2 protein chains.
Amino acid sequence: MSDTREQILEQIKVQGDLVRQLKATKESKEKIDEEVSRLLALKAKLGGDATPANQKFTLKTPKGTRDYAPQQMTLRQGVLDKIVQVFKRHGGEAIDTPVFELKEVLTGKYGEDSKLIYDLKDQGGEILSMRYDLTVPLARYLAMNKISSIKRYHIAKVYRRDNPAMTRGRYREFYQCDFDIAGTYDPMLADAECVKIVAEVLDTLDIGDYVIKLNHRQLLDGMFEACGVPANNFRAICSAVDKLDKSPWADVRKEMVDEKGLDGATADKIGEYVRLSGGAELVEQLLADEKLKAVPNAVKGLEGMQLLLKYCSLFGLEERISFDLSLARGLDYYTGVIYEGVLKAEPSAPASPAKELHNGDQALEQSSTVGSVAGGGRYDNLVGMFDPRGKAVPCVGVSIGVERIFSVLEAKFAASKVKLRTNDVEVYVASAHKGLHEQRLRVLNQLWNAGIKAEHSYKLNPKLLVQLQHCEEHQIPLAIILGDAELAQGIVKLREVTTRQESNVNLADLPNEIRRRLQK
Amino acid sequence: MSDTREQILEQIKVQGDLVRQLKATKESKEKIDEEVSRLLALKAKLGGDATPANQKFTLKTPKGTRDYAPQQMTLRQGVLDKIVQVFKRHGGEAIDTPVFELKEVLTGKYGEDSKLIYDLKDQGGEILSMRYDLTVPLARYLAMNKISSIKRYHIAKVYRRDNPAMTRGRYREFYQCDFDIAGTYDPMLADAECVKIVAEVLDTLDIGDYVIKLNHRQLLDGMFEACGVPANNFRAICSAVDKLDKSPWADVRKEMVDEKGLDGATADKIGEYVRLSGGAELVEQLLADEKLKAVPNAVKGLEGMQLLLKYCSLFGLEERISFDLSLARGLDYYTGVIYEGVLKAEPSAPASPAKELHNGDQALEQSSTVGSVAGGGRYDNLVGMFDPRGKAVPCVGVSIGVERIFSVLEAKFAASKVKLRTNDVEVYVASAHKGLHEQRLRVLNQLWNAGIKAEHSYKLNPKLLVQLQHCEEHQIPLAIILGDAELAQGIVKLREVTTRQESNVNLADLPNEIRRRLQK
């Protein structure tokens with residue numbers, strides 16, 4: 001506050017230059033907003049009318065969040081509808097839970113990621129946090145209502161105070177679409193169905209070639225044991241392995257040795273295993289591995305994988321799955337099978353960063369780096385953590401990462417230049433000349449009461465040309481044109497917008513005639 | 001903390017008795033939870049193993065919130081789908097905004113109710129609040145994106161730290177379904193369409209007889225002026241009038257005089273006006289009123305009402321609407337027409353509190369006291385509050401109070417004893433004997449790939465009776481029964497669950513045959 005007016009003016013100049021430069025180099029909107037916000041803060045220091053009287057803050061959404069405009073909503077609704085169809089095909093029923101939970105519900109469930117949880121201010125004695133995923137609320141719901149079996153889906157927003165990378169579809173507020181099967185069943189039957197669901201979702205969304213990586217937490221633990229990792233270091237090492245999809249082995253090894261205190265030789269043994277991937281033959285090979293054979297956890301994990309692979313092949317998934325020892329998944333609560341659906345880079349969209357920066361084509365960048373779009377696994381102990389008597393309900397589930405899918409589809413759409421319709425209006429009611437607004441309201445009322453989607457200009461005397469242009473711009477298929485001469489005979493003109501063909505229709509027949517035209 | 005162990009044990013005993021008593025008298029779940037929570041807190045004071053090791057807090061959702069179980073979701077989805085249909089019939093397009101906003105966005109928009117806003121803890125410099133309604137976020141969205149006209153709907157949860165009355169459908173987290181028309185148009189055309197939308201929604205939901213009350217903020221202000229209320233007291237007096245739907249005039253008058261410092265004689269003059277309601281003839285009568293005639297605001301408001309009533313009658317709403325001078329609406333931002341859809345008490349469900357308490361029938365209480373289920377109005381200055389240059393975008397809109405509608409429908413359903421289906425499974429794949437699980441997976445795969453909704457037991461060797469009972473309990477229309485004898489001939493049994501009729505079907509024809517049966 002001790003800055004002089006001159007100093008502040010100088011800071012404003014520097015900051016203004018920075019903002020202009022960011023805009024010129026087309027930096028991310030978020031980055032620009034941030035610096036604009038600093039600029040406005042500086043201007044506010046001047047006190048006077050440097051900022052408008054009625055708005056002293058930058059108009060923006062919170063960091064890492066976004067609005068959905070009608071075009072994006074249309075795309076999003078289409079994706080969600082398709083996902084729900086798959087979930088329902090497998091007998092899912094919907095539940096919903098509050099957007100926040102008592103903080104204790106979330107405590108101790110997410111390992112290293114707990115720091116990303118949003119907390120609310122104390123609300124009269126209740127300490128609340130925004131839900132971080134839909135799995136922990138499901139577990140709380142099952143324990144609280146003493147439900148021991150359910151097949152439920154849940155589509156809702158979750159909250160993570162992560163570093164947003166919005167062009168890649170990584171947000172702080174984002175949708176998850178979860179399907180989970182809770183209940184005590186025979187091994188791998190529910191697990192294989194979840195893998196099938198991932199495949200059906202990715203097939204129906206048609207967003208490119210993909211692979212579903214499979215692994216097993218028990219096998220990972222057994223493998224760590226076989227390599228000589230101390231048991232209390234399993235989860236930390238597992239977290240390091242989880243980074244292999246983004247970092248090279250050398251970096252992961254460094255984290256294991258330097259940060260997590262692992263012996264170098266032990267890390268190297270892990271390095272041998274985690275580069276393996278394959279199918280049923282790899283399971284056979286590992287079942288014959290001397291080191292693994294000696295560890296019961298490893299053998300159980302491998303036997304589980306064997307059964308899972310068999311069921312997956314009965315579901316026609318052989319070409320879609322890959323048993324991959326580098327798959328670890330971040331969350332602590334998994335206890336068995338884990339899986340992840342990963343989009344393969346499109347051959348038509350090369351991933352070279354140089355090229356991306358050069359042509360500035362976000363679409364290419366997005367579709368080639370979007371990576372994991374679905375994931376899940378078995379978590380048999382989570383519900384028991386909430387039950388007063390520790391009664392367990394075994395669960396397995398999958399979560400579809402729809403934001404990443406939205407960003408792939410948005411990019412595809414932007415590239416295709418096709419204009420999505422954002423409303424479903426079937427008929428526009430137009431006036432040919434002045435003084436017809438009451439007639440318009442009568443006709444609209446007739447159409448709405450017949451269930452027809454109709455609108456008009458909210459002007460008393462709109463120009464005919466403007467009304468017809470509105471129909472063409474918004475791809476409304478039909479227009480009714482009212483005129484005194486026709487109305488005197490109980491008739492209106494019905495126009496097909498694309499062909500511009502017009503014909504006279506009796507007012508009384510209007511709803512039926514419109515339905516007939518729309519069915520064509 | 002200075003309590004002795006004996007004192008705590010005594011408190012636990014007293015508190016335990018209270019909880020048992022509340023349960024015996026079937027008090028609300030919320031009330032019971034609250035006291036159970038106190039009981040557990042007392043037990044925790046004892047330190048030992050009075051509470052289970054793995055859960056030291058009551059398993060509950062935050063105060064004023066609830067989970068939706070599958071049955072409730074089915075009901076809710078049905079309601080929301082019908083509302084969306086109405087919104088789309090009027091050309092609405094969807095948008096979505098983040099669940100929280102920068103706190104400044106909400107500041108100064110809600111008058112006395114601002115204290116009910118949920119704040120988050122500081123998130124790295126950003127001060128965030130949960131959205132309180134969908135109107136202010138819409139205004140922020142329009143100003144931020146410089147949109148000057150849109151017809152948008154938005155269905156999402158909003159948050160108010162109000163005193164929950166959950167049996168009446170009043171929650172702290174609840175859905176709003178908003179439709180708004182933004183843009184500079186001729187008077188009352190968009191406003192009348194919003195009233196029409198309220199009527200269409202309430203008609204399509206078929207939740208009983210209703211009336212849509214109409215009034216005009218300009219008329220209210222003009223009437224206050226005519227009665228001698230000082231201009232700076234208009235909003236406070238308006239807030240008091242707003243309570244007339246719940247409190248008698250004597251209480252409201254007391255608030256005006258004792259709390260808001262109004263002259264008794266002035267209050268009495270207001271009292272004369274606010275008991276008036278009617279139709280076009282009341283507008284005529286007030287236009288001839290000596291006191292109102294002299295106040296330009298009152299005249300403008302009345303002329304607006306005259307036009308609105310005319311358009312509403314063109315929309316066939318004459319029997320549904322009532323011009324009601326006691327309608328005030330709580331929020332500060334309205335500038336023109338205001339309206340509220342109110343359910344009338346059902347004659348078959350008497351509202352006598354004594355009777356309700358006596359027979360303990362919540363359903364009756366709910367349907368007769370649910371009251372306002374939709375509301376809205378014109379707010380021409382809200383968008384301008386966000387625009388750096390104060391550019392206004394006139395808006396009018398409506399919000400459907402779906403929680404109250406859900407609670408009416410839930411009560412109706414509970415009374416009817418009909419069991420809603422909560423999933424859409426079309427076919428259950430069953431085994432007649434042991435050893436058929438792989439065959440089951442093959443058949444399921446065939447059905448899923450053909451788009452048929454199918455499920456099975458996740459057991460290797462379930463009992464046939466148990467499988468068939470599952471179908472009957474869950475109202476699944478068809479069952480396939482696999483057996484070695486039939487499979488050897490490439491055949492399965494297809495059973496209609498309600499009639500228990502079975503016939504043989506070729507495996508290859510299965511999807512087509514199932515579709516044929518389902519169409520019946």
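A:Gly278 stands opposite A:Phe323, a residue of strand 8 of chain A. Strands here are DSSP E runs of at least two residues, helices are H or I runs of at least four, and both are numbered from the N terminus. The A:Gly278 contact belongs to strand 7 (residues 277-278) of chain A, which runs antiparallel to strand 8 and is joined to it by two bridges; two strands pair if DSSP finds at least two bridges between them. Strand 6 (residues 210-216) of chain A also pairs with strand 8, this time in the parallel sense over three bridges, and A:Ile212 has A:Ile321 as its bridge partner.

A word on the source: this is a predicted model, where local features need pLDDT of at least 70, side-chain atom pairs count only at pLDDT 80 or more, and totals for chains, interfaces and linings use all residues. Residues are numbered from 1 along each chain as its sequence is written, chains are lettered from A and ligands numbered from 1 in the order written, and side-chain values use heavy atoms, leaving out hydrogens and water.

In a regular strand the side chains alternate between the two faces of the sheet. Strand 8 (residues 321-324) of chain A is covered on both: A:Ile321 and A:Phe323 on one side, A:Ser322 and A:Asp324 on the other, are all buried (under 20% relative accessible area, with a 1.4 Å probe and protein chains only).

Elsewhere in chain A, five strands form an open sheet in the order 13-12-14-15-16, with mixed pairing. Its edge strands are strand 13 (454-455) and strand 16 (502-506). Strand 15 (residues 491-496) pairs antiparallel with strand 16 over five bridges, A:Leu494 partnering A:Ser503.

Technical notes
Buried means under 20% relative accessible area, exposed over 50%, partly exposed in between (1.4 Å probe, protein chains only).
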